[in-house]
Amino acid sequence: MRVRRIVANIDTQDIAAARRFYQGVLGLDVLMDMGWIATYGSQETMTVQISFMAEGGSGTPVPDLSIEVDDVDAALDAMKAAGFAIEYGPADEPWGVRRFYVRDPFGRLVNILSHR
């Protein structure tokens, strides 16, 4: 048996609110929308990972999601332009990532990062 993918499921009664953050700002594609579920993603090949954390690193809280992007500064500018408050960073971390934290429309703490 092999794990083929891991999907994050976020509980909300406002499915449409995901569109602004995950598609509008982060640029993910709508892969499925059945009204009660909307799935966003990318056709890019990604590795399967799941992390278990006692802290978020650098004294930060544990984020609910981590999203790696190709240009963290462009993502930061897009989040600010869309009116989303940055909760941490941007920071160049000693383990080789540049990142910031932002909350999605559902209150989930999202770690947006790029490897340096």
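**Figure 1. The salt bridge between Arg103 and Glu87.** In this predicted model, Arg103 and Glu87 form a salt bridge in which the closest N and O atoms are 2.9 Å apart. Arg103 belongs to strand S5 (residues 97-103) and Glu87 to strand S4 (residues 86-92), so this pair ties together parts of the chain that are 16 residues apart in sequence. Arg103 counts as partly exposed, because its relative accessibility is 32%, and Glu87 is likewise partly exposed, with a relative accessible area of 45%.

**Figure 2. The salt bridge between Asp33 and Arg19.** A search of the whole structure finds five salt bridges, and one of them is shown in this view, where the side chains of Asp33 and Arg19 meet at 3.4 Å, taken from N to O. The two residues are 14 residues apart and link distant parts of the chain, with Asp33 in strand S1 (residues 29-33) and Arg19 in helix H1. Asp33 has a relative accessible area of 44% and is therefore partly exposed, while Arg19, with a relative accessible area of 35%, is also partly exposed.

Figure 3. Arg98, which is found in strand S5, makes a side-chain polar contact of 3.0 Å with the side chain of Asp73, and a polar contact of 3.1 Å joins the side chain of Arg98 to that of Asp92. When residues up to four places away in sequence are not counted, Arg98 touches Val72, Asp73, Pro90, Ala91, Asp92, Ile112, Leu113, Ser114 and Arg116.

**Figure 4. The largest nonpolar core, with the surroundings of Phe21.** In soluble globular proteins, nonpolar side chains tend to be buried together. The largest nonpolar core of this model has 19 residues, of which Phe21, Tyr22, Met79, Phe100, Val102, Val110 and Ile112 touch the most other members. At least two residues of this core are supplied by each of H1, strand S3 (65-68), helix H2 (72-81), S5 and strand S6 (109-115). Phe21, leaving out residues up to four places away in sequence, touches Leu26, Met79, Phe84, Val102, Arg103, Asp104, Pro105 and Val110; among these contacts is Arg103, the residue that forms a salt bridge with Glu87.

**Figure 5. Asn111, a buried residue of strand S6.** Asn111 is found in strand S6 and is buried, because its relative accessible area is 6%, which falls under the 20% limit used for that class. The side chain of Asn111 makes a polar contact of 3.1 Å with the side chain of Ser66.

**Figure 6. A nonpolar patch on the surface.** Met1, Val3, Ile6, Val48, Ile50 and Phe52 form a nonpolar patch on the surface, and together these residues have about 740 Å² of accessible area. Val3, one of the members of the patch, is found in the segment before helix H1 (17-25). Val3 has a relative accessible area of 52% and is therefore exposed, since the class requires a value over 50%.

**Figure 7. Backbone features at Pro90 and Ser58.** A cis peptide bond, with omega at about 10 degrees, joins Gly89 and Pro90, and Pro90 is found in strand S4. Ser58 has a phi near 55 degrees, which is a positive value in a residue other than glycine. Ser58 lies in the loop between strand S2 (38-41) and S3, and its relative accessibility of 42% is why Ser58 counts as partly exposed.

**Figure 8. Ala16 and its separation from Leu113.** Ala16 lies in the segment before H1 and counts as exposed, because its relative accessibility is 58%. Ala16 and Leu113 are 97 residues apart along the chain, and their C-alpha atoms are separated by 25 Å.

Technical notes:
Residues are numbered from 1 along each chain as its sequence is written. This is a predicted model: local features need pLDDT of at least 70, side-chain atom pairs count only at pLDDT 80 or more; totals for chains, interfaces and linings use all residues. Side-chain values use heavy atoms; hydrogens and water are left out. Patches are made of residues with over 30% relative accessible area and no salt bridge: like charges are joined within 9 Å, nonpolar side chains (Val, Leu, Ile, Met, Phe, Trp, Tyr) within 5 Å. Accessible areas come from the Shrake-Rupley method with a 1.4 Å probe; for residues, only the protein chains shown count as cover. A salt bridge is a side-chain nitrogen of Lys or Arg within 4 Å of a carboxyl oxygen of Asp or Glu. Helices (H or I, at least four residues) and strands (E, at least two) are DSSP runs, numbered from the N terminus. Buried means under 20% relative accessible area, exposed over 50%, partly exposed in between (1.4 Å probe, protein chains only). A nonpolar core is a set of buried Ala, Val, Leu, Ile, Met, Phe, Trp, Tyr and Cys residues joined through side-chain atoms within 4.5 Å. Contact means heavy atoms within 4.5 Å. A polar contact is a pair of N or O atoms within 3.5 Å; within protein, one must be able to donate a hydrogen and the other to accept it, and residues adjacent in sequence count only if both atoms are side-chain atoms.
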